[in-house]
Amino acid sequence: MIVDIEPISLGISLAAIVAFIAPIYINKKKQSNLLKSKQQKFMEEANKQGLVLENHDFWRGEYAIGIDSGKHKLLYMNLGAELEFQLISTDNISHIDLQKQNHLVGKGSKKVEIIDSLTLIIQQKEASIKKANLCFFDGEKNSDLSGEWPLIQKWNALLKKEMTSSN
């Protein structure tokens, strides 16, 4: 069986495919470059503070957290409305609280838990130092979780371990 394809039909088909794929590819490339630049800002801030982050995470393209256990420092980034970095001394932590705000939707046995926010609240030993509120998920910005629950549990455990080792 021989298939005869007209060059004009082939050209139109290829042009249509490229016209469909090109915007998707360009958008993906743009998002990838934007994410890399945000991650680079976080790493530049860590370098500026003289930190070597042996453990760090990025999520949602606007949050980052990292720890330098040797220097007992935690660096947190939230790119919400404006660039915000928080540098927290982990050797002075007195209390860590994992705060999960939620509400239930539905009736009877079909109630579903909707998480509104996930925050790590870090209290320092010195009362003069303000509590650090590290937002991991904000339900007003995002409609669903994307791995934030296991991530906040990981950092809660990691910081509690850091807190007990420094005490």
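Modeller: In this predicted model, strands E2 and E3 run antiparallel and are joined by six bridges. Within that pairing, Gly66 has Leu75 of E3 as its bridge partner. Both strands belong to an open, antiparallel sheet of four strands, ordered E1-E2-E3-E4. Its edges are formed by E1 (55–59) and E4 (84–89), each of which pairs on one side only. Helix H1 (residues 7–48) lies across E1, E2, E3 and E4, and its direction makes an angle of about 150° with E3.

A further open sheet has three strands in the order E5-E6-E7, again with antiparallel pairing. Because E5 (93–105) and E7 (132–138) each have a single partner strand, one side of each is left without a neighbour in the sheet. The twist from one strand to the next averages 15°. E5 and E6 (residues 112–124) are joined by twelve bridges, and Val105 stands opposite Val112 in E6.

As to packing, the largest nonpolar core has 23 residues, of which Ile65, Leu74, Leu120, Ile122, Leu134, Phe136 and Trp155 touch the most other members. At least two residues of this core come from each of E2 (63–68), E3 (73–78), E5, E6, E7 and helix H2 (148–166). Leu134, leaving aside residues up to four places away in sequence, touches Ile65, Leu74, Tyr76, Gln86, Ile88, Leu118, Thr119, Leu120 and Ile122. Another core, of eight residues, lies apart from the largest one and includes Phe42, Leu51, Ala64 and Leu79.

How values were computed
Residues numbered from 1 in each chain as written. Predicted model: local features only at pLDDT ≥ 70, side-chain atom pairs only at ≥ 80, totals over all residues. Heavy atoms only, no water. Pairing = 2+ DSSP bridges. Axes fitted to C-alpha atoms, helices over the stretch in contact; angles between N-to-C directions. Core = buried A, V, L, I, M, F, W, Y, C linked by side-chain atoms within 4.5 Å. Buried < 20%, exposed > 50% of the residue type's maximum accessible area, 1.4 Å probe, protein only. Contact = heavy atoms within 4.5 Å.
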